[in-house]
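These exercises are meant for a reader meeting this structure for the first time. Each one sets a task and then works through a solution step by step.

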Amino acid sequence: MVRPVQLLGQAIAYAVFAGVVGYLAASPAYTHLDPGLALIKLSFSHAGKHQGECRQRTPEELAKLAPNMRRPLDCPRGRLPLRVELVLDGELLYRGELSPSGLAGDGAAMAYRKFPVAPGRHHLAARLRDSDRSAGYDYEKEAEITLHPRQNFVIDFRPALGGFLFL
Amino acid sequence: MTGPRRVARAAFESVENGFDRAFGPDWNPLHQLGALGWFFYWITIVSGIYLYIFFDTGISQAYESLEYLTQVQWYAGGVMRSLHRYASDALIIVMMLHLVREYVMDRYRGARWFAWFTGVPLLWLVFACGISGYWMVWDILAQYIAIATTEWLDTLGIFGESIARNFLTPGTLSGRFFTLMVFIHIAVPLVMLLVMWIHILRQRNARVNPPVGLAAGTLAMLLVLSFIKPALSQAPADLGVVPAVIHLDWFYLAAYPLLDRVPGPVMWAIAFGVTLLLLLLPWLPPLRRRTPASVDLDNCNGCGRCVEDCPFSAVALQPRTDGAGFSQQAVVANELCTSCGICVGACPTSTPFRRTTALIPGIDLPDLRIQAMRDTMLAAASGLSGKARVLVYGCDQGPDLSRLRSPGVAVLRLPCIAMLPPSFFDFIITRHHADGVFLTGCAEGDCHYRLGIQWTEQRLAGERDPYLRKRVPRERIGEFWSGLTHGKRLERELADFQAGLGSLPPVRRRAVEHTSEGDVRHG
């Protein structure tokens, strides 16, 4: 026979358990980003130029290759690293060298960086070098942008669409 | 058991004593953590099936379908959604407590490594279930989880393309993503069920259902919580906006804030490192195992009582190999044997009445043979004096019994209390070696070897074979399952028992002192 005091004890235990579950299921709130800031996200995947000059294969050379491997250009496998620069309102936001992926360094280089910034009007410049030139950049885009609090402003890079995309 | 572990176990038992007072030993939630885990699992499955009927896969449809369930169909879908969430949260609590408790109670090493080892992957699976579930809601919490998880996965460097780029802008998100999530959220629980089954594979009579009363109370608690604080979605996801302030489910997502502060590879190293450590824990250090039980075919007729009673499925019946006139024989799987001796207590040939032949039972513990048990008992009993002579039997996992010793009280220890065959009580009491036998050991409802206390009580109550013979006055057998924390009360209970022996009618002395009963093989 369960005594009333036992029932009370059980009720308290259940209430405490439910309280813990109910509270921690959604509290306390976590601040992932200051709501007063915006976020600039640089994200792209792009393969740099090959580390050396490509050579046109002769018809004889192509004929010797298996049909599925008959690529007209014979290029060195490794690719060059990318050099990327972001400048916000004249101040350097990011400058880095992105290595090609893959064990042989023959894959695309990938960028994924996040920069919390103050909202408002800004001048943004994005630059990228994917060749072996010693100075300057192969791609560059500048724009006046207006950021709202908590805005997710994306900088993508797609050479087929002309280079940098501000989204 | 080492000092720190003994202290930790005593601390656990102290908390459990409080639950014992409210729930009783049989309903004590801390004794039912594994069973409660199963119970919460089934609640999430049933409620999940209901939610799935109404869930719509699609970038905006997912959120809308859950809003319909929560707001319009609040009385059914809303309750189911809340049950789904809270039961899965409760599952985390009991799972973690179960893990810590089994470690503290030293029930993860030696022959018991298997349950521990197979429990570790369950941690990953449970978290994968929970995280994928939150992902499907596609509110700002889901958006945060999706981005943080894929960013973390990208740091592994094994994916050709960045997965996180799928969540770069609203335009990069595909509706197929939700189909994938539904698949994961259904497939992972099914895998989990398989692993849960493997997890308990070596346990005989594994508790996969909590007692009805505890289950009813727990379900009622979840229902009340679901009505008081229904599970809700947060604002709909928008990849153009960063989820800034998020209401996390800390049971599943407590590690996510770390991803904002600790590099992804370091987090992977921590996750894999902790997993590896947990997997190796049964051998860090390994348990110093006693010699497993061994079968003596000359005294085994393959009755199967040891098979029925072994809590770890270490004994099995196999076709006879010695040409004796029985069809089967008991065989011990050494790697599964915990050397608890419960099988010895179940063997009908483990009877101390045997005098004309050597006391060799069908199954015995090489490190503590039944012959030695009888000799030790007789030696201890011969030193007793007074009008209420008591033999106290405790187990290796129980409290220190040395302070119970007195001229009228002798103390004996066994690996598990269920190693003591009922015939020993008969022998001690009807042969007047002592006036009473007192049993103690692990806390009630929490036998270290799972079923020792239960089997002992059933044997004494005449509910389980081998039975205590009716000629043995039951009131001359006392018991108090003290655990580590009830030392004082144990002394009182023993004193009361001893005092009560004086008022009992005398036990009829048996006419035949030396008998050959037990020499025959019991079928």
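**Exercise 1. List the buried residues of α1(B) and find what they pack against.**

Solution. The buried residues of α1(B) are R9(B), F12(B), E13(B), E16(B), D20(B), A22(B) and F23(B), where a residue is buried if 20 or more other C-beta atoms, placed from the backbone, lie within 10 Å of its own, exposed if 12 or fewer do, and partly exposed in between. The model is a predicted one, in which local features need pLDDT of at least 70 and side-chain atom pairs count only at pLDDT 80 or more, while totals for chains, interfaces and linings use all residues. Residues are numbered from 1 along each chain as its sequence is written, and chains are lettered from A and ligands numbered from 1 in the order in which they are written.

After α1(B) comes G24(B), whose phi is positive, near 85 degrees.

**Exercise 2. Describe the contact between chain B and chain A.**

Solution. Begin with the counts: 37 residues from chain B and 31 residues from chain A take part, two residues being in contact if their C-beta atoms, placed from the backbone, lie within 7 Å. On the side of chain B that touches chain A, at least two residues each come from α1 (3–23), α4 (74–104), α6 (140–154), α8 (212–228), β1 (245–247) and α9 (250–253) of chain B. Sorted by class, that side holds 22 nonpolar, 5 polar and 10 charged residues, where Ala, Val, Leu, Ile, Met, Phe, Trp, Tyr, Cys and Pro count as nonpolar, Asp, Glu, Lys and Arg as charged, and the others, Gly among them, as polar.

Then look at the strands: β1 of chain A (residues 29–31) runs antiparallel to β1(B) and is joined to β1(B) by 3 bridges, given that two strands pair if DSSP finds at least two bridges between them. In this pairing Y30(A) stands opposite I246(B).

**Exercise 3. Work out how chain B is divided and how its two domains meet.**

Solution. Domain 1 of chain B covers 32–283 and domain 2 covers 294–501, with bounds that come from an automatic or database domain assignment. Their centres, taken over C-alpha atoms, are separated by 45 Å. The contact between them draws 9 residues from domain 1 of chain B and 11 residues from domain 2 of chain B, and the residues on the domain 1 side divide into 2 nonpolar, 3 polar and 4 charged.

**Exercise 4. Identify the largest nonpolar core, and explain why A148(B) counts as buried.**

Solution. A nonpolar core is a set of buried Ala, Val, Leu, Ile, Met, Phe, Trp, Tyr and Cys residues joined through C-beta atoms within 7 Å. The largest such core has 85 residues, and those with the most contacts inside it are F40(B), L91(B), V137(B), A142(B) and I145(B). Its largest share, 10 residues, comes from α4(B). A second, separate core of 64 residues includes V295(B), C300(B), A330(B) and A346(B).

Turning to A148(B), which has its place in helix α6 of chain B, the residue counts as buried because it has 22 C-beta neighbours inside 10 Å. Not counting residues up to four places away in sequence, A148(B) touches Y256(B) and L259(B).

How values were computed:
Helix = DSSP H or I, 4+ residues; strand = E, 2+ residues; numbered from the N terminus.
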